Amino acid sequence: MGADKNKPSPGPPDTLRMEAGAIRERVAEAQRCGALVVIAGTLADIGKSAIVEQRVSIGRSVEGLQLHDGNISWRHAVVERTAHGYRLCDLGSTNGTLLNASRIDGEAPLHSGDRIGLGQTVLKFEVVDETEASFQRHVDQLVGTDELTGMPSKPRFDAALEQAVRQAQTAQTPLSAWMMDLDTLKAINDAHGHHAGAATISRVGALIDAHVRQWGGAACRFGGDEFCVFVPGVALDQTLVHAESLRRAVAALELSLPSAETTLRTTISIGVATLAVGEDGLALLRRADQALYRAKAAGRDCVRS
């Protein structure tokens, strides 16, 4: 009897298809990554997210996922990707780290859907694909970032300031607020157009943000060409030193634009106030704004308290 032409081919093709499927699964898994989202905590942090490609630190430090919860250590915990998945490691924090409501001892494996507790903050961990990761990055940027400068949005800054005020009042530690205003933006707009003015605001904002983060503070664009800053834990004399160093950095900043025949420069006026006993964030900012008016009255491009 002749061979049945409709009979499936033996082993090798099926084996190849299985291997191809396994390869696709491995590639898909390699393209997935961990994601952290703050689902409970201070208003300054809710909605923040971080993608864990290899390692993300969590704490009040500016590195990694920065949180404003006063019950969290400066470097509290870290989430790492390993050859076998993901793990959560406590970094010797003061108040410990919870995984699904149970305190971990050093480290523990992480699985999609787990919840991480640090202080009063809860983060949800999930394993996501690149589309979901891109979506989370986009949402975090829309909700928490000023589009022009990349600085924290004003609502997020306001919430962080009120949290910092509560912590400073409770611990009786210093807290300063700064109000700042560019001195020459109208001249730049008139001479080179509003696109040049926007580029100037963007560059100055990025410079302010980078400096303030080094000092453990936060900054935002208050509106137009005005900026606002708070710096915790630093006494007035050192705060004035920081503000002066920022003023000099802005004055030294050079901005070149194709439409401008010369390099653009600007200066900034800074008003500084320190937190008084029983004062809230709004009152503190109001006094910083009054100090800003004194800086302008003194000839601009200076710092006043």
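Is Arg87 buried, partly exposed or exposed, and at what relative accessibility? Arg87 counts as partly exposed, at 30% relative accessibility. Here buried means under 20% relative accessible area, exposed over 50%, and partly exposed in between (1.4 Å probe, protein chains only).

The views show a predicted model, in which local features need pLDDT of at least 70, side-chain atom pairs count only at pLDDT 80 or more, and totals for chains, interfaces and linings use all residues. Residues are numbered from 1 along each chain as its sequence is written, and side-chain values use heavy atoms, with hydrogens and water left out.

**View 1. The whole chain.** The chain has seven helices and 16 strands. Helices (H or I, at least four residues) and strands (E, at least two) are DSSP runs, numbered from the N terminus. Of its 305 residues, 44% count as buried. Contacts are heavy atoms within 4.5 Å. Among contacts between residues at least 6 apart in sequence, 56% join residues at least 24 apart. The chain exposes about 16000 Å², and carbon and sulfur atoms supply 53% of that area. Accessible areas come from the Shrake-Rupley method with a 1.4 Å probe; for residues, only the protein chains shown count as cover. The salt-bridge count comes to 15. A salt bridge is a side-chain nitrogen of Lys or Arg within 4 Å of a carboxyl oxygen of Asp or Glu.

**View 2. Glu107 and Arg87 pair between two strands.** Their side chains meet in a salt bridge (3.4 Å, N to O). Glu107 lies in strand S9 (residues 107–110) and Arg87 in strand S6 (residues 85–90), so the pair ties together parts 20 residues apart in sequence. Glu107 is partly exposed, at 47% relative accessibility. Both residues belong to a network of salt bridges that links Arg55, Glu80, Arg87 and Glu107.

**View 3. Arg221 and Asp146 join a strand to a loop.** The closest N and O atoms of this salt bridge are 3.2 Å apart. Arg221 sits in strand S13 (residues 218–223), and Asp146 in the loop between helix H2 (130–144) and helix H3 (154–171). The pair links distant parts of the chain, 75 residues apart. Arg221 is partly exposed, with a relative accessible area of 22%. Asp146 is buried, at 15%.

**View 4. Glu244 and Arg247 pair within helix H6.** The two side chains form a salt bridge (2.6 Å, N to O). Both residues lie in helix H6 (residues 236–252). They are three residues apart, about one turn of the helix. Glu244 is partly exposed, with a relative accessible area of 25%. Arg247 counts as buried, at 13% relative accessibility.
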